Amino acid sequence: MKYCAFLRGVNVNGTSLKMAEVIKVFSDAGMKDVSTVLASGNILFSSDKKPSELKKILEKAMSHYFEYEAFLFLKNQDEIAEILNNNPFSKADDLHIYVFVGTEGSENILLEEFTNAKKAEKERAEIVANTFYWQVPKGSTLDSSFGKILGKKQLKDKISSRNINTFDKIFIKLK
């Protein structure tokens with residue numbers, strides 16, 4: 001089975017990982033066909049193990065090698081295709097669309113936080129098939145009320161987000 005591991009908090013806030021080293025850690029942990037997409041912690045690989053097993057193996061290997069508390073979320077090729085197909089928002093030059101991957105139920109936590117946050121014009125969020133999608137005007141991602149919530153420590157082991165364009169690149173490379 002082909003997977004993408006979405007690492008949380010890579011190359012931000014002082015957690016700097018070289019992707020060549022990440023590839024080595026994944027390979028040493030028994031993953032096959034390991035490669036990366038961008039330098040933001042998107043690791044493609046193949047394995048016959050179950051996702052729950054893979055998550056434990058890879059988080060332990062990453063935490064040990066890099067001496068930090070690693071969190072990652074796995075999606076297989078079909079799940080990534082479904083995420084792209086279910087995107088409720090139309091792409092526009094003035095907007096970003098983010099997709100959140102995470103633990104079961106994290107999409108509901110995100111929706112509650114979004115509902116309670118002050119919103120910019122055109123800022124919207126929606127859950128489709130247990131995936132949280134967020135549309136925000138370009139240039140206001142980090143300044144938005146909801147964007148600031150995403151850095152909360154209690155969310156660090158629950159979610160990671162990527163721009164929808166990153167999902168496009170991942171899907172193309174997984175084919």
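## Salt bridges

Let's start at the surface: Asp28 is exposed, its relative accessible area being 57%. In this predicted model, Asp28 pairs with Lys24 in a salt bridge whose closest N and O atoms are 2.6 Å apart. Both residues belong to helix 1, and being 4 residues apart they are separated by about one helical turn. Lys24 is partly exposed at 43% relative accessibility. The count of salt bridges comes to 5.

Another of them joins the side chains of Lys91 and Asp168, with 2.5 Å from N to O. Lys91 sits in the loop between helix 3 and strand 5, while Asp168 is in helix 6 (residues 164-174), so this pair ties together parts 77 residues apart in sequence. Asp168 is partly exposed, at 25%. Asp94 and Lys122 also form a salt bridge (2.9 Å, N to O), which links two loops: Asp94 lies between helix 3 and strand 5, and Lys122 between helix 4 and strand 6.

## Leu84 and its partners

Leu84 is part of helix 3 (residues 77-85). With 19% relative accessibility, Leu84 counts as buried because the cut-off is under 20%. Beyond its neighbours within four places in sequence, Leu84 contacts Ile164, Phe167, Asp168 and Phe171. The C-alpha atoms of Leu84 and Phe167 are 7.1 Å apart, although 83 residues separate the two along the chain.

## Two nonpolar cores

The largest nonpolar core has 21 residues, of which Val22, Phe26, Phe45 and Met62 touch the most other members. Elements giving two or more residues to this core include helix 1 and helix 2. A second, separate core of 18 residues includes Cys4, Leu44, Tyr133 and Phe167.

Definitions and conventions. Residues are numbered from 1 along each chain as its sequence is written. This is a predicted model: local features need pLDDT of at least 70, side-chain atom pairs count only at pLDDT 80 or more; totals for chains, interfaces and linings use all residues. Side-chain values use heavy atoms; hydrogens and water are left out. Buried means under 20% relative accessible area, exposed over 50%, partly exposed in between (1.4 Å probe, protein chains only). Contact means heavy atoms within 4.5 Å. A nonpolar core is a set of buried Ala, Val, Leu, Ile, Met, Phe, Trp, Tyr and Cys residues joined through side-chain atoms within 4.5 Å. A salt bridge is a side-chain nitrogen of Lys or Arg within 4 Å of a carboxyl oxygen of Asp or Glu.
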